[in-house]
Each structure stands twice: as C-alpha cells, then as structure tokens.
Amino acid sequence: MGWDAFGLPAEQHAIATGEHPAVQTRRNIDNFRRQLQMLGFAIDWDRELSTTDENYFRWTQWIFLKLFRHGLAYVSEKPVWFCPALGTVLANEEVQNTPEGPRSERGSHPVERRPIRQWVLRITAYADKLIEGLDHVDWPDSTKRLQKNWIGKSEGAEVTFKLDGHADTLTVFTTRPDTLFGATYMVIAPEHPLIEKITSAEQKAAVNAYVAAVRNKSDLERTDLADKKKTGVFTGAYALNPVNGAKIPVWTADYVLITYGTGAIMAVPAHDERDWEFAKQFALPIIQVVGSKDAIDVNEQPWTEDGPMVNSGPFNGLSATETKKQITADLAAKGQGKLAVNFKLRDWLFSRQRYWGEPFPLLWVSREDYAKIPADSEVREFLPKEPVTCQLNGVEVCAVPLTSKQLPLTLPTVKSYQPSPTGDSPLSKEPEWTEVWYDVASGATVAQSQAQPGPLWVKASRETNTMPQWAGSCWYYLRYLDPQNAKDIASADALKYWGCPDFYIGGAEHAVLHLLYARFWHRFLHDIGVLPTAEPFTKLFHQGLIMGEDGEKMSKSRGNVVNPDSIVKDHGADALRMYLMFLGPLEASKPWSSEGISGITRFLKRLWRLSVDEATGGPSTKINDQAQEPEDFVRELHRTIQKVEKDIETLQFNTAISQMMILMNAAEKAPALRRETVETFVRLVAPFAPHVCEEIWARLGHQESVSGAAWPKFDPAKLMESTVEIIFQVNGKVRATVKVAKETSKEALLAMAKADPSVQKFLEGKPIVKEIVVPGRIVNLVVAG
RNA sequence: GCUCAGGUGGUGGAAUGGCAGACACGCUAGAUUCAGGUUCUAGUGCCCAUAAAGCGUAAGGGUUCAAGUCCCUUCCUGAGCACCA
C-alpha cells in the first residue's frame, strides 16, 4: 500500500486551518488504513509507504538528480499555465479546455499564461521511445491512442525561406513539402522573435497593434471555436520560395502557435483548411498543386487529399509521396531544408510554487563559484555536462546538486503556507533554510547565519519551488519491491525477482498524466542501468467509477458521497465488497444503490443458514454425507466452479456472483447436501466475502483458515448433460422446444421437428424450402409463402 | 469540428450470430411472525378479459435459415482532442 500524500488538498487544508499538512496527512492515512483493513483486503502492510516520508522522497530526489545529471532537467522562462486560485503553475496535462476557457484539472479554476521561471523535464527527448514502447504493452487500445495523440508525432520537413531584403531567414515546419509550389503566403506567430526585425515601416503600427491585441486576448478568446474567423496582419516583408523564387508576403496571425514547430508556416490555401479560410478572409491567391479526383475548384473549397502534382514544374504528375521525397532532397542539397519531426508533446513543467511537495535538492551559486567545483568533487556525482543557468534578481546563477549523502533534503517548518500572488513558493520566505554555505567539494550545506566554514564553502540559495504531486507517484511501484532499502531505490536482486507490475488497474483519467510520466521515468531509469525492464506496466486495465446514487460523480459539494463506514455498519464489510463487484462490469461506471446491496446481504445470510445450524451453532442439519444430490444440482455445482474460476481470471466478478446466486437457489431446493458440496460452495464465496466464509469454515469444523484451503476443482465429466433442449423453429420463430438425448442425429431431429404438432400448425402443408439442423441446438424449417 | 466508447424492462445489468431480459433491486399478491430494513411462496417487457397469436434491444435500412450481436445511414449520451501546419 502506498499513500500518495503530497499535493494540493493537504496544503489547502493547511492554509485554511494553519495545521501542518503532515498532521492532517497522517490522520487521513490512518483513517484510510482503518477502512481498508476493515474491508479485509489482502495488502502486505510490511510494504506500506508514503511519498511524504523522507526515507521515500530521498529517492524521488535522487531520481530527479539523475535526470539533472543527464541533462533532462532545465530551467525555462517561457510563459506557463498559472492558476491564481491555486497559486501555482500547472503542467499542460493538468489544464483542461472547457467551454468557460482553460481550467485547472483540479478544482476547475481559471488558468492563464504567465512567464515564470520553471524547472522543466525534457520528456520530449523520450517522445519516440514513449510511442514505440506502446507496441510492447498490453493496454487498452483507447489509452494507447490517447497517449499517441498526446505525443502527436508528425513527420515532415523544415524549409528555410530567404527574406527579400533581409539577412535573416525564416524557417517553417511542414508535413506537406510536396505542396511548396502552392505556397502563396507565410504566417509567423505574433510572438515570433523575427517579427520586430522584418516588419516594414508602413506596417509597423498595424503589426504592433495586432501583437498587443493578441497578447491581451485571453486564451478563451484565442481558442474559441465558435468564432472560427481568422485574424491577421501583413508584416510588409516578403519571403522567396526556394523552389521557384516567387515573392510571397509574410503575415502574422494568431492561428499560428509559437509553441509548435518553428512558430511559422508556409501557407498553402488550396490544400489546407485553415490556410484556405485565411486566404478567403484576406483575398490572398489560391494555387492548386495537387490534382483532385472530381475536378474540385479550390476557390470553392480546399482539397486536402492526395493526387498527382499539378502546377509544380518538374514534379507534375508525380505522387505526393514521391514529390515530398524529391523536394526535401533538393532543398537539403541547397541547404534550405531537411527532414524534420515534430511532436505536440511539450516538456514537462516540473516545479510548483507550493510548500507541500518534495524540495528540489538543488542550490543556486554564482558562475565564479560554480567554476570552483574541484575535478574530484563528490558534487560531480550529479553534475550535468553543461551548467543549468538562470537569472535570479538580474544575476546569472548556476544550479548545483546535493550529493546522495546529503539526501533527503527535508522541508523546513514555515510560518505561512500561503503562496504569494506573484508566484513565489512559501519556502522563499525562509532565509534560514534557503540561504546557506555550500561546500563545492562535498555538497554539504550550513546556514549562512553561521560563519563561513572553509574556503571552498560558497554562498548558495536553495531552489524554493517544490516538485509536483506526480513526482512521488512516478515510481512508487518500484519501492514496494524493497521498501526499507537505505542504499538504493530497490536492490538489484529485488528488481530482478519481482520485475514490474504484471497487472495495473487504474483510472483512465491518468492516460496522459501519471501513466505517461511514470513511463518516462521508468524508461530513463532503464536507460541509465538502474532498472532491468523498459516498460513499467505490462498489462493495464481501467476500472469504472462508482457514482453517487444520483448517477453523478461522488463529491462533497453534491452531497452524494457514500461513506463505507456506515455501509459496513449496516450490511458488513463482506456485503460491501461483494456488492461493489456485483454492480456491473468492472470497467463500467455504475451508480451506487443503497437498496440494491440488500440482495447481497440476503445471499450471505442464506449461505450462513445453508451451512450453519442456528440452534447449535455447528454444521447445518441439512448436511448429510449420505445425501443423494440430484444430477441437475451436481451439474450446477461444477458449472459454478468452472464459471467463478474463469470469471475471476477475466475480472467479470458480476457474472461470477450471479452464478453463485443461481447455485444458492438450487442448493436451497435440494433436500440434503453433502459436506463436500457445502465446503466447495464456501470456498468459492470466500474470496468475495472472506469474513463470513472464515466463520462458516470454522463452524464446519476446520482449524485452518479458509484462505489457505485449496481452490475447488470442477469435474468436466459432471458438466456433461445426457439430454439437451432443442428449439424447433419455423421461419426463424420458436414454435416448440423438446428435450432429447444428446447424441440424437440430425435426421432424427428433423423428423421429430416435422412431426411436432405445434410445428405442424405453422407448416400448414406449405412446402419446406430449407432445413437447417444444428445438433444440440436448433432445427429451423423455412417454408415458402 | 475530429476521434473513440456506448444506447437492452421501473432500476443495476445478463446473453460463443441460435428461446432477449440470466442474476439482483424494486413492485404486486399471499403465507409466516407480537413486531419487522425478517423469512418463505407465486407473479412481474409491451399488447390482451384469458389463452393463443402478435410486438419488442435508440430510429431506419441491409446481410443471414436465424441479428441486441455483423454491415450502412441517422439521432442521442459519455469521454478525449481541439487552429499542432
């Protein structure tokens, strides 16, 4: 069991009450643990961990330092999603588009773009591996598709355009280099750095106004889909088409995103819907270069499918694929283009301006002090090849790591958990913790309030951001293998013995969050030799949510939360467990029903009465080893063993329980049962309702726990039926059913069907045009008319 | 707008192309009990006085001896993506 206990809920509680988040976290964990134990889940409590334990998060920090060491952690000042209500930045994956605009995944608060200094993990370096790895795991196709789309790989070319009258060039990314002859204008994003340089004097005012307007546009307005109208302004600059020297105007428009590709495009209105709309809007020329099937007029609508090239000089008549290849090769020869791959995936924004998270085990020192790190310094354990730098209060500083010996870096106690509106972490207000002497030889630190301990101790400021909640949950499954290990995240032996989770059950909402992040870390740890496996989760299954009784997601504000404590009080832990399984397919979302559970409660009471004698408390008087059980009942018993076994393996618990109820109905009708039969039944129910079965098992005279009893075996011979029911149909409609011996031949079945009075009634002497006989199942007579 | 998953009684849900509605809840009637959030019995898709027949798995069409299941069109619900060049 692992508690993923860092994060916003505990911190928001701390802000509201002043209580340390650790205190509330511990109280919550204790309550959850009590409830889980009450339900009797088979959890190995010796392997319990919490992501907030310093003996756990020292390894989270260690993994981060490994990423830092390998150049996969860097600082960015690009605009990021900031949530004023939560007082922190959020990763792309944590922001959702809603009709009200972009909102935080947690709490659905408005978010906005702000330029804030952030730690970022280079997950894009793993984009290809993260796509490729999906081919080797047994995951739902929908989830694989979700991840693939999120990573969004597209292959194409980068094409460099010379700018008329400028030394600068403009590089664009395109997936359609084949349509280069159809480029009639260019667009650069309003945030593009070149815009200042290339805008002509006449257009300066218009462009500045447009750029300012876009900057002030909220993300809601900018992504509003109801308003598909394109806006944009001509910059006054012209680019030269590398294939034919054509002079084409350069515009700026906000439908081109600075965050994707090069932030600039070549526009081919004849063959791209967005470019077509823009061209129509501003009366720009539209040139068809790809032949269409039904002579489509590209002035009326764009043609986005393939066809032979036209209006493309030497490439006329060639296929799109061939043209792509040749044009890209030609451009490469001229130094004006190359094959290129782009991803929608952005690097992972990894810092939060919060208190309740793992502190970054990093400090900032001046460039001069960074240069003092000796060649044999222990600090080099985690030092990257190139320093990671940023500007702090206008001064350039370099990031230096702690060493393994210095971990864990724990949180200081603070006066206030409140984040500042400017996006500073509460930790930044604790100078005693942040301002330290740092030994460039050993990585040790002491507070600056003390005297400088030695000549190699330099002034350093700790990083005051903390890691996001995902950090701790990225690798917890590895710690289960060896939770007490003080030397490694887990021993090599344990990693080799246990491997990875064979089967991972979790919500689909994690498809592009936890499941993507964890794969990234796992693959990285594999690449640096820490882990023997490349992929963490071999087989994945998404369970559905249990909804409130009103069919809506359970939430405190809605008041439809079901408290397990009161259910257990009324019906018992077994009934709760079993009813959750009986509600419906595991993968489906199903509403809770406070009435429905009584069906399970009744079933368990009936099992008790079937096995235990109320008067003596010993075995039921119905149990008699001399009993002759009817053949039908014995078959049902073995059918139940078979079905429960199979359904458990395929996670179809609802139908397993249905079958046990069918057996119960049959067992109550039997005049007497053999002890073996009752014990088999109890063993079948035991995994679902362990507590009551344990008690029954003891009442039946067993000293050992039923959980250790062997699983019943079904006898295939007992499943055989000597007679089968055959359906007689006329024109596909059932007219009679008969019981016959299993071996009855086709011919005999046919004769019986024809002789059956209720069948004859519908034959009415009409000619039979077709006879279908499926032995053991059905006879269908097709008559004319 | 695009992609995916769905749509079956009053409810949750069953159904290797072969009797639609298993199992359970609820409901109706009866019995048991001092009592019932007890237990037992019978019934419970629609139409119908009853039986027989007929109708019935979002709507329409198709394939098949036979379709909830396979194919096409439309509608609806849910999820994800959303100007990604």
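The legends below describe close-up views of one predicted model.

Local features are given where pLDDT is at least 70 and side-chain atom pairs where pLDDT is 80 or more, while totals for chains, interfaces and linings use all residues. Residues are numbered from 1 along each chain as its sequence is written, chains are lettered from A and ligands numbered from 1 in the order in which they are written, and side-chain values use heavy atoms, without hydrogens and water.

**View 1. Helix 1 against helix 2.**
Helix 1 spans residues 8-17 and helix 2 spans residues 21-38; helices are DSSP runs of H or I with at least four residues, strands are runs of E with at least two, and both are numbered from the N terminus. The two axes come within 8 Å and cross at roughly 125 degrees. That makes helix 1 oblique to helix 2. Axes are lines fitted to C-alpha atoms, for helices over the stretch in contact, and angles run from 0 to 180 degrees between N-to-C directions. Angles under 35 degrees count as roughly parallel, over 145 as roughly antiparallel, 65 to 115 as roughly perpendicular and the rest as oblique. The crossing of helix 1 and helix 2 is right-handed; this term applies if the near helix is turned clockwise from the far one by less than a right angle, and left-handed applies if anticlockwise. On the helix 1 side A10, H13 and A14 take part, and they meet P21, Q24, T25 and R27 of helix 2 (contact means heavy atoms within 4.5 Å). The residues of this contact comprise three nonpolar, three polar and one charged. Ala, Val, Leu, Ile, Met, Phe, Trp, Tyr, Cys and Pro count as nonpolar, Asp, Glu, Lys and Arg as charged, and the others, Gly among them, as polar.

**View 2. Helix 3 against helix 16.**
The axes of helix 3 (residues 54-69) and helix 16 (residues 514-527) cross at roughly 70 degrees and come within 11 Å. Helix 3 is therefore roughly perpendicular to helix 16. Their crossing is left-handed. Helix 3 contributes T60, W62, I63, K66 and L67 to the contact, and helix 16 contributes F520, W521, F524 and L525. By class, seven residues of the contact are nonpolar, one is polar and one is charged.

**View 3. The loop residue T52.**
T52 sits in the loop between strand 2 (49-50) and helix 3. Its relative accessible area is 17%, so T52 is buried; buried means under 20% relative accessible area, exposed over 50% and partly exposed in between, with a 1.4 Å probe and protein chains only. Apart from neighbours within four places in sequence, T52 is in contact with A5, F6, F57 and W356. E358 is 306 residues from T52 in sequence, but the C-alpha to C-alpha distance is 7.7 Å.

**View 4**
Strand 19 is joined to strand 20 (residues 395-401) by four bridges, and Q391 stands opposite E396. Two residues lie between these strands in their hairpin, where N393 takes a positive phi near 50 degrees. Five bridges join strand 21 (residues 435-439) to strand 23 (residues 457-462), with V436 partnered by A460.

Four bridges link strand 4 (residues 79-83) with strand 8, and W81 stands opposite R113 in strand 8.

**View 4. Strand 15 and its partner.**
Strand 15 (residues 264-267) points A264 and M266 one way and I265 and A267 the other way, and all are buried. Strand 12 (residues 185-188) runs antiparallel to strand 15 and is joined to it by four bridges. M266 is the bridge partner of M186.

**View 5. H638 in helix 20.**
H638 belongs to helix 20 (residues 631-649). With a relative accessible area of 10%, H638 is buried. Residues up to four places away in sequence aside, H638 touches K713, F714, D715, K718 and L719.

Technical notes. Pairing = 2+ DSSP bridges.
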